[in-house]
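Here is a short briefing on one protein chain, written for a first look at its fold. Please keep the structure open while reading.

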Amino acid sequence: MTVTGPTELLATWEAGLARQGSGRALLLHRAARPGADTDALLSVPLGERAADLFALRRALFGDRMQVTLDCADAECGAAMEFDLDAGELGAVRPVVPEGGLRVTEADWVVEFRLPGAADLAAVATEATAVTDATDARRLLAARCVVSAARGGRAATAAEVRRLPDPVLKRFAEAAEAADPGAELTLAIACPECGAATSAELDIAAYLWTELDAWAREVLLDVHLLASAYGWSEPEILALSPQRRRYYLELCADA
């Protein structure tokens, strides 16, 4: 992966300040795939996007990811700290069976594609029409249908939007098997009480938090070096992190 430079990363961070989760995830994905257009990024399977973001995280901050999680046991609540390997997590990429995702259930034969970020955004937009989680899954599945037949005939659009629960279940199982990295759930045993705690790891949110801390630190470095030497921001950002740190140490010793 080509590591995005500090100027481009600061621009990504600045643009993300005015956005929320999905908007920031898109900006980070664009940093991971420079030159890719928005439509292409939004159609990438969710596990593929996660793998791209883990690769970006490795390029920027290394393999070691430190995570803090509170024990789910109400009587314990201990703070747990543990490390994850971004390289290992980023190695999980989608593997779609030859011929695509095909579900056969009762009189239904349905071919699906894997969901992407655009599909999740569309489901969220239509949330006012969704009454429960099953409706949301049905809406997501309908968006991912490539072809559908019922009883040997092509299913209508209305039938596709009302896929029966067994078909939805089979689609969810097939999608999870083909794209296991789409949702990363941690299962951690508390070292204090032994209780199991589950939590979803959102790599986009995790990486954004790190990028935010990095950007603020870099801007502070720019401020200090510009004040001390009169250099411009581009001149300071062109320095390697090691040289910037050395000049900052000289300023502190002066």
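This is a predicted model: local features need pLDDT of at least 70, side-chain atom pairs count only at pLDDT 80 or more; totals for chains, interfaces and linings use all residues.

Residues are numbered from 1 along each chain as its sequence is written, and side-chain values use heavy atoms, without hydrogens or water.

**Sheet**
- Helices (H or I, at least four residues) and strands (E, at least two) are DSSP runs, numbered from the N terminus.
- Four strands form an open sheet in the order β3-β4-β5-β6, with antiparallel pairing; two strands pair if DSSP finds at least two bridges between them.
- Its edge strands, β3 (101-105) and β6 (153-154), each pair on one side only.
- Five bridges join β3 to β4 (residues 108-112) in the antiparallel sense, and glutamate 105 stands opposite tryptophan 108 in β4.

**Helices across the sheet**
- Helix α7 (residues 133-144) lies across β4 and β5 (145-150), at about 100 degrees to β5.
- Helix α9 (residues 165-178) lies across β3 and β4, at about 150 degrees to β3.
- Axes are lines fitted to C-alpha atoms, for helices over the stretch in contact (heavy atoms within 4.5 Å), and angles run from 0 to 180 degrees between N-to-C directions.

**Nonpolar cores**
- A nonpolar core is a set of buried (under 20% relative accessible area, 1.4 Å probe, protein chains only) Ala, Val, Leu, Ile, Met, Phe, Trp, Tyr and Cys residues joined through side-chain atoms within 4.5 Å.
- The largest has 39 residues, and α10 (203-229) gives the most to this core, with 11 residues.
- A second, separate core of 22 residues includes Trp108 and Leu163.

Conventions: Buried means under 20% relative accessible area, exposed over 50%, partly exposed in between (1.4 Å probe, protein chains only).
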